[in-house]
Amino acid sequence: MKMAIMQPYFFPYLGQFQLIHVVDRFILCDDVQYIRHGWINRNRILSPGEGYQYIIVPVSKHKSHDPIKDIRVVEGGTWKRTILRQVEYYRKKAPYYEQVRQLIHDCLQQEETNITKLNSRCLQATCNYIGIQYNMAISSELGLNYSEVQVTGDWALKICEQLGATAYFNPPGGRELYEKEVFGKSNIELHFVKPNLREYNQYNNGFLPGLSIIDIMMFNHPVEIHEMLNDYQLL
């Protein structure tokens with residue numbers, strides 16, 4: 001079984017969907033510490049000015065060492081309307097604005113205070129739109145044993161061992177963290193998926209790469225996005 005493990009990001013960039021597309025099972029790891037100013041509750045889309053703007057899901061007060069599974073979304077407030085208003089930047093220039101705006105609206109309208117489940121819903125809706133399978137599980141619901149985790153690099157290996165993975169796929173940034181020999185001792189192949197992030201027309205001056213999948217969906221048909229998902233190097 002091919003597996004990938006990632007923290008639950010909010011409308012992440014294309015690379016995370018390549019992982020989802022490559023593997024048989026995708027684990028949202030919410031047992032690890034929540035990091036402020038990461039990608040759990042925010043991401044980037046184009047800005048009316050130059051560059052990008054952040055779309056942000058506000059979270060309730062928490063302790064600095066709290067795991068992601070304990071992070072709660074702020075109930076009420078105006079943040080959903082704010083995100084939808086920010087997305088309106090695409091109205092006059094993006095060919096798929098209406099469809100994508102509706103997707104975001106539907107994801108945010110259902111009440112959900114668990115940040116992992118909210119992000120999973122966004123991932124599910126995006127995968128449905130693109131047309132790829134999304135076989136997901138949330139780590140905190142799997143009864144996993146982390147007693148043998150000693151360093152950061154152990155998390156993925158111990159989860160793979162307990163869930164019966166035969167191959168683990170990770171973004172290339174993990175090459176400094178994971179070693180093929182270590183995974184090999186547990187009979188697990190280790191692969192790194194390096195995206196080839198091709199340019200597309202943002203109807204703007206220049207091209208700004210690495211934005212949320214929202215930006216790609218605004219400017220590209222699902223068939224074109226599907227082609228992007230298959231454009232990567234396996235390291």
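Predicted model: local features only at pLDDT ≥ 70, side-chain atom pairs only at ≥ 80, totals over all residues.
On the side of α1 the contact is made by Q16, F17 and I20, while α4 contributes L123, T126 and C127. Sorted by class, the contact of α1 with α4 has 4 nonpolar and 2 polar residues, and no charged ones.

In α2, the residues W79, K80, I83, L84, Q86 and V87 are buried. Seen down the axis of α2, these buried residues fall within an arc of 160°, so they line one face of the helix. An α-helix has 3.6 residues a turn, so residues three or four places apart point the same way. The exposed residues R81 and R85, in contrast, are carried on the face of α2 that is turned away from its buried side. The buried residues of α2 are covered by elements including β3 (42-46), β4 (52-56), α3 (97-109), α4 and α7 (213-219).

The strands can be considered next. An open sheet is formed by 6 strands in the order β5-β2-β1-β6-β7-β8, and its pairing is mixed. Strands β5 (136-138) and β8 (232-234) stand at the edges, where each has a single partner strand, so one side of each is left without a neighbour in the sheet. From one strand to the next, the twist averages 25°.

Within this sheet, β1 (2-6) has helix α5 (residues 154-163) lying across it, as well as across β2 (25-28) and β6, and α5 runs at about 140° to β1. Of the 5 residues of β1, 4 are buried, so this strand is largely enclosed by the rest of the structure. Strand β1 runs parallel to β2, to which it is joined by 4 bridges, and it also runs parallel to β6, to which it is joined by 3 bridges. The pairing continues from β6 (residues 167-170) to β7 (residues 189-195), which run parallel and are joined by 4 bridges. Here the bridge partner of F169 in β7 is H191.

Note on methods:
Residues numbered from 1 in each chain as written. Heavy atoms only, no water. Pairing = 2+ DSSP bridges. Helix = DSSP H or I, 4+ residues; strand = E, 2+ residues; numbered from the N terminus. Axes fitted to C-alpha atoms, helices over the stretch in contact; angles between N-to-C directions. Contact = heavy atoms within 4.5 Å. Nonpolar A, V, L, I, M, F, W, Y, C, P; charged D, E, K, R; others polar. Buried < 20%, exposed > 50% of the residue type's maximum accessible area, 1.4 Å probe, protein only. Arc of directions from axis to C-beta.
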